Amino acid sequence: MNRKELLELLPYLPPSATRLLDRLLDQSDRGWFPLPGPQMQAFFSEADELFYGGAAGGGKSDLLLGLSHTEHYQTIIFRREFPQIKGLEERMTEIMGSTAGYNSQRKFWRLPGGRSLEFGSVPRLGDEVKYQGRPHDLKAFDEITHFLEAQYRFLIGWTRTSRPGQRTRAIATGNPPTTPEGEWVVQYWGPWLDPQHPNPAKPGELRWFATIDGKDVELDGPEPFMHKGELVEPKSRTFIPARVEDNPYLMASGYKRQLQNLPEPLRTRMLLGTFGMERDDDPWQVIPTAWVDAAMERWSRRSKPDLSLTATGVDVARGGKDKTVIAKRHGNWLDELEAHPGSSTPDGPKVAALVVAATRGKGTVNIDIIGVGASAYDSLTISLDDVVGLNGAAGSKAKDRTGKLGFLNKRAEWYWHLREILDPEHGEDIALPPDRELRADLTAPRWKLTTRGIQVESKDDIQARIGRSPDKGDAAVYAFAEENARFNPIGV
């Protein structure tokens, strides 16, 4: 729709629509105009945090660039790697008609009207700190599933402005995740993206959230409230889906035909933006995703077995952002996991008290004793008779099912053991509770074969790659770790 057609609509519109049309005409005067449909809906969305896209070709990058020189005064657009910014530079040059005002070394563009656009990248966890304190009224993320959750949360914390009347917001664009690192996006925008969410939301619908005691909580509305003496102001989120069909320019170019020729499941992801689809496993993934999904499906079909508690796996939080997780196993059935914020388990006695309350003294307790877990182990041995301290760094003499491959350490042995008992052909019919975070944790670790045997990625390396500690996955692995030495720390 061009400017002439918009003007012809004026006599037929109510006052509220006329004001909206005035804004649209103002955008057209600046050389960029949102496409009718989802892109225009995203442009005018009132959400504090917007996720736009899903499928390929919906004008995701164009939305961010267009907003930077029409609606916002200080914009930064992040890509995970700097080389990925080249496409944004080229498209912005097309929109502006030249590179006037752009400093390619600083990745900084001075735009007309006192506006500015900056490009940023955070390839490694921790790189986000270099943007600390940098105020922007629009924080934008192109291909959000390439970022770590910790990076996103840190960076949007500096969304602010000193300009009177200027709104602030964060906008993320992207397609469905193809790796475990991007799975957090489905949970973060769960009401729109998670097919199992108990209270699904419609596209564009605002939902309100606040972080309380380190956990995201969905609220009924935007009203501020007091929590532990602090005023908490909820922030709104929404998701607006878009497809190539919403972009007439790409449709005319034949882009849809290119997407239709992609191999599955990438074809469906890019065409439909389906977030419930399976992602491709990494070739060196320890536990196949399909095996975890099958175990969770068995759990859903079964009722809790009439068996006493067999074993409990405990992963102790290493810091305030980590969680202490308690995983209780009844035979081959794992109960729903108990996760406690690290702030609530600052020392060994506090952890021990939670474990004693959860187990009531029944079954074996397998607890990680590396680092802070040692204090919890000491406290538990005072209260319980059957406590096993697990030292994942200790050497292993075990072999895999074939009897041919050994393990670099106990951690590799325990993870491989869970892999083998989840194997649909040779396994033990394991049932795991449906839990998106547990699924992501168990499918995140990679392995390699060394001269000393199978080596599984360390917890620290996983945390650096996915941006959080795989606490639930480790607790589940510990629950299935079977050892002969019941009263002494393993490997000590």
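Predicted model: local features only at pLDDT ≥ 70, side-chain atom pairs only at ≥ 80, totals over all residues.
Visitor: Where do I start with nonpolar cores, and which residues have the most contacts inside the largest one?

Guide: In soluble globular proteins, nonpolar side chains tend to be buried together. Here the largest nonpolar core has 34 residues. Those with the most contacts inside it are L334, L418, L422, L432 and F480.

Visitor: Which elements each supply at least two residues of this core?

Guide: Helices α12, α15, α16 and α18 do, along with strands β14, β18 and β20. The largest share, seven residues, comes from α15.

Visitor: What is F480 in contact with, leaving aside neighbours within four places in sequence?

Guide: R329, G331, L334, H417, L418, I421, I430 and L432. There is also a second, separate core of 26 residues, including W32, F43, L64 and I77.

Visitor: How do I read a helix pair, and at what angle do α15 and α18 cross?

Guide: Two packed helices are described by the angle between their axes and the distance between the axes. The axes of α15 and α18 come within 9 Å and cross at roughly 80°. Angles of 65 to 115 degrees count as roughly perpendicular, so α15 is roughly perpendicular to α18.

Visitor: Which residues meet there?

Guide: From α15, R411, W414, Y415 and L418; from α18, G473, D474, V477 and Y478. By class, the contact has five nonpolar, one polar and two charged residues.

Visitor: Is D471 buried or exposed?

Guide: D471, in helix α18, has 2% relative accessibility, so D471 counts as buried. A polar atom of the D471 side chain lies 3.0 Å from the backbone nitrogen of K323. Beyond neighbours within four places in sequence, the contacts of D471 include D315, D322, D441 and K459.

Key. Residues numbered from 1 in each chain as written. Heavy atoms only, no water. Core = buried A, V, L, I, M, F, W, Y, C linked by side-chain atoms within 4.5 Å. Buried < 20%, exposed > 50% of the residue type's maximum accessible area, 1.4 Å probe, protein only. Helix = DSSP H or I, 4+ residues; strand = E, 2+ residues; numbered from the N terminus. Contact = heavy atoms within 4.5 Å. Axes fitted to C-alpha atoms, helices over the stretch in contact; angles between N-to-C directions. Parallel < 35°, antiparallel > 145°, perpendicular 65-115°, else oblique. Nonpolar A, V, L, I, M, F, W, Y, C, P; charged D, E, K, R; others polar. Polar contact = N/O pair within 3.5 Å; in protein donor to acceptor, adjacent residues only side chain to side chain.
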